[in-house]
Amino acid sequence: MKIITKLLILLLLGISLPSTAIAVEQVIKDGGTGVIHTGSGDIKITGYTIEQHEHALKEREATLRADLKKLYQSEKKNLELEKQLLEKKLAEVENQLTNLSQSFQERIQFLENTIKELRTFSGEVSEQLLAEAEAALRRGETEQADQLFQQIEEKEKRSIERAAKAAFERGRIAQANLDYAKAYRHFERAVGLSPDNPEYLDFAGSMAGTVAKYQKAIEWEEKALAIYLKQNRTVDVARLWNNLGEVWWKLGQYEKAIEYFEQALASDLKIYGDQHPNVAVYWNNLGGVWHSLGEYKKAIEYYEKALASDLKTYGNQHPHVARDWNNLGGVWSSLGEYKKAIEYYEKTNQINIKVLGIDHPRVAGTWNNLGGAWRQLGEYKKAIEYYEKALASDLKTYGNQHPHVARDWNNLGAMWDSFGEYKKAIKYYEKALASDLKTYGNQHPHVARDWNNLGVAWRSLGQYKKAIEYYEKASVSALKIYGNQHPHVAILWGNLGVAWESLGQYDKAIEYYEKALKVFQDKLGQDHPNTKVVRNNLERARKKGQSQ
């Protein structure tokens with residue numbers, strides 16, 4: 001296609017002669033000597049002379065001057081660009097007339113090259129049409145060649161469209177088989193071949209989000225969204241708002257995510273009312289973002305609305321219901337209600353394994369959540385069992401460069417930390433950090449989490465200054481992401497308090513403990529485990545400070 005496009009451009013710039021052009025060995029009047037170029041190699045231009053070339057140029061010059069005169073006489077506005085283009089063409093023709101011999105040689109070279117390129121399509125189009133086009137080019141005429149190249153271009157365009165469709169369908173097959181990396185490659189190729197097809201952009205964007213290619217996801221989904229908006233495809237617009245919300249959520253841009261989710265929700269509420277699966281999805285996603293922002297009661301409110309709607313729509317044995325139970329389990333875990341969380345998680349996987357199969361990513365996600373809950377309850381062997389199952393499944397699904405795999409490495413690091421295997425824990429944390437930095441850059445909640453956990457491990461090894469270095473990097477990032485009233489920030493302040501206390505800097509430790517305690521009391525209540533731990537740490541640091 002690159003060759004064809006180049007040739008078409010050259011043909012459009014060339015001079016097309018009338019069909020009554022003078023034939024070979026023209027008799028020259030006034031005693032002049034006719035110039036007949038015999039070409040090079042096996043291609044000989046025998047029907048085009050320098051006199052014909054000059055005549056064509058002068059005709060073109062006259063036409064351009066007449067057109068330019070009309071434009072200047074016209075009363076229409078905004079004709080400056082057209083005037084500039086005509087003036088540029090006229091200047092080029094005048095330059096060719098001034099340097100007639102050189103422009104003639106260039107024209108001959110152009111005709112020869114065009115014939116060479118035309119011959120490369122032998123066997124793909126009618127041999128008769130090829131011969132006719134070549135004969136016309138030997139006479140200096142380009143119209144037939146242009147028409148033939150147009151036919152070839154249209155044929156190739158159809159081939160490209162078929163290739164794009166095939167790549168797209170292969171992507172769908174790979175997606176159905178849960179081979180997301182392969183699906184992404186196929187969808188990416190489909191978009192490359194057909195960059196304005198909204199369906200291809202839509203699927204490619206969604207899969208890019210799945211495999212953590214978030215900038216690509218935004219690029220493709222925004223392009224698809226723009227097309228759907230022009231086409232007034234309201235349902236697709238709402239779905240893409242939701243998808244973009246999910247990507248911004250994964251990137252830690254929570255306010256931007258809420259904006260997209262609320263647009264999607266408002267649109268589908270208007271179309272469907274409040275008892276529709278799409279509406280339940282948006283409630284669920286809004287619950288997730290508020291959960292990420294530490295607004296647990298608000299999150300539960302949205303999750304319970306989604307659950308009630310999905311139970312009514314699907315009954316209690318559907319993956320959407322399982323998703324809602326899983327998410328409610330996550331909030332209860334954040335509130336320190338670990339046994340309640342486990343109850344929700346187990347109901348979740350009972351459905352997902354039955355309906356989706358044991359290798360599905362949602363099953364791995366819930367195994368990870370069960371590992372976290374059991375770890376909080378001190379059941380470390382049980383926790384490791386779930387974490388390792390999640391890691392094996394996620395590696396199979398995504399490969400080793402994905403946020404879910406980084407999450408699994410992080411959680412296994414936390415387990416080895418709990419066992420006192422701090423160097424082993426650090427290896428897992430560093431793998432998680434390297435992956436997350438590559439995926440997100442250094443301003444993301446997962447990166448802040450990894451820095452925090454490395455700080456915990458180094459503190460356990462007695463490397464307090466190194467621990468503080470990691471905690472401070474994590475807290476700077478977390479403050480930018482969450483603000484100063486979020487439990488994640490309070491955890492980091494609590495950890496900084498422990499590190500400074502270990503160094504005997506009790507005033508600094510007390511300062512951090514007090515800040516952490518206030519957030520935990522406000523957000524989690526007096527009886528939450530985190531609140532109790534920080535309250536005890538604060539009392540101990542005060543006593544140590546007084547005894548100095």
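## Helix contacts and aromatic pairs

Alanine 257 touches Gly245, Trp248, Trp249 and Val289, leaving aside residues up to four places away in sequence. The model is predicted. Alanine 257 sits in helix 11. Its relative accessibility is 0%, so alanine 257 counts as buried. Valine 405 is 148 residues from alanine 257 in sequence. In space, the two C-alpha atoms are 23 Å apart.

**Aromatic pairs**

A pair of aromatic rings is described by the distance of the centres and the angle of the planes. The count here comes to 11 aromatic pairs. Tyrosine 214 and tyrosine 440 form one that is stacked, with 5.7 Å from centre to centre and 15 degrees between the planes. This pair links distant parts of the chain. Tyrosine 214 belongs to helix 9 (residues 214–230), tyrosine 440 to helix 19 (residues 422–440), and 226 residues separate them. Tyrosine 214 is buried, at a relative accessible area of 6%. Tyrosine 440 is buried too, at 13%.

The rings of tryptophan 249 and phenylalanine 261 give another geometry. Their planes stand at 90 degrees and their centres are 6.1 Å apart, so the pair is edge-to-face. Tryptophan 249 lies in helix 10 and phenylalanine 261 in helix 11 (residues 254–272), so the pair ties together parts 12 residues apart in sequence. Tryptophan 249 is partly exposed, with a relative accessible area of 24%. For phenylalanine 261 the value is 0%, and the residue is buried. Tryptophan 249 is also one of the contacts of alanine 257.

Ring pairs also build a cluster. Its members are Phe168, Phe187, Tyr200 and Phe203.

**A nonpolar surface patch**

Which residues form a nonpolar patch on the surface? They are Val235, Ile271 and Tyr272, and together they have about 220 Å² of accessible area. Valine 235 is placed in helix 10 (residues 234–250). Its relative accessibility is 38%, so valine 235 counts as partly exposed.

**Helix 14**

Is helix 14 largely enclosed or largely open? Of its 16 residues, 15 are buried, so helix 14 is largely enclosed by the rest of the structure. Its length also fits expectation. At 1.5 Å a residue, the 16 residues should span 22 Å, and the end C-alpha atoms are 23 Å apart, which agrees. Glycine 336 follows helix 14, and its phi is positive, near 85 degrees.

Aspartate 324 is placed in helix 14 (residues 319–334). Aspartate 324 is buried, with a relative accessible area of 0%. Residues up to four places away in sequence aside, aspartate 324 touches Asn284, Ala306, Leu307 and Asp310.

**Arginine 407**

Arginine 407 is found in helix 18 (residues 403–418). Its relative accessibility is 16%; under 20% means buried, so arginine 407 counts as buried. Again without residues up to four places away in sequence, arginine 407 touches Ala364, Gly365, Asn368, Asp394 and Arg449.

**Accessibility of selected residues**

| Residue | Relative accessible area | Class |
|---|---|---|
| Alanine 257 | 0% | buried |
| Aspartate 324 | 0% | buried |
| Phenylalanine 261 | 0% | buried |
| Tyrosine 214 | 6% | buried |
| Tyrosine 440 | 13% | buried |
| Arginine 407 | 16% | buried |
| Tryptophan 249 | 24% | partly exposed |
| Valine 235 | 38% | partly exposed |

Notes
Residues are numbered from 1 along each chain as its sequence is written. This is a predicted model: local features need pLDDT of at least 70, side-chain atom pairs count only at pLDDT 80 or more; totals for chains, interfaces and linings use all residues. Side-chain values use heavy atoms; hydrogens and water are left out. Patches are made of residues with over 30% relative accessible area and no salt bridge: like charges are joined within 9 Å, nonpolar side chains (Val, Leu, Ile, Met, Phe, Trp, Tyr) within 5 Å. Accessible areas come from the Shrake-Rupley method with a 1.4 Å probe; for residues, only the protein chains shown count as cover. A salt bridge is a side-chain nitrogen of Lys or Arg within 4 Å of a carboxyl oxygen of Asp or Glu. Helices (H or I, at least four residues) and strands (E, at least two) are DSSP runs, numbered from the N terminus. Buried means under 20% relative accessible area, exposed over 50%, partly exposed in between (1.4 Å probe, protein chains only). Contact means heavy atoms within 4.5 Å. The expected span of a helix is 1.5 Å times one less than its number of residues. Rings of Phe, Tyr and Trp (its six-membered ring) pair if their centres lie within 6.5 Å; planes under 30 degrees apart count as stacked, over 60 as edge-to-face and the rest as tilted.
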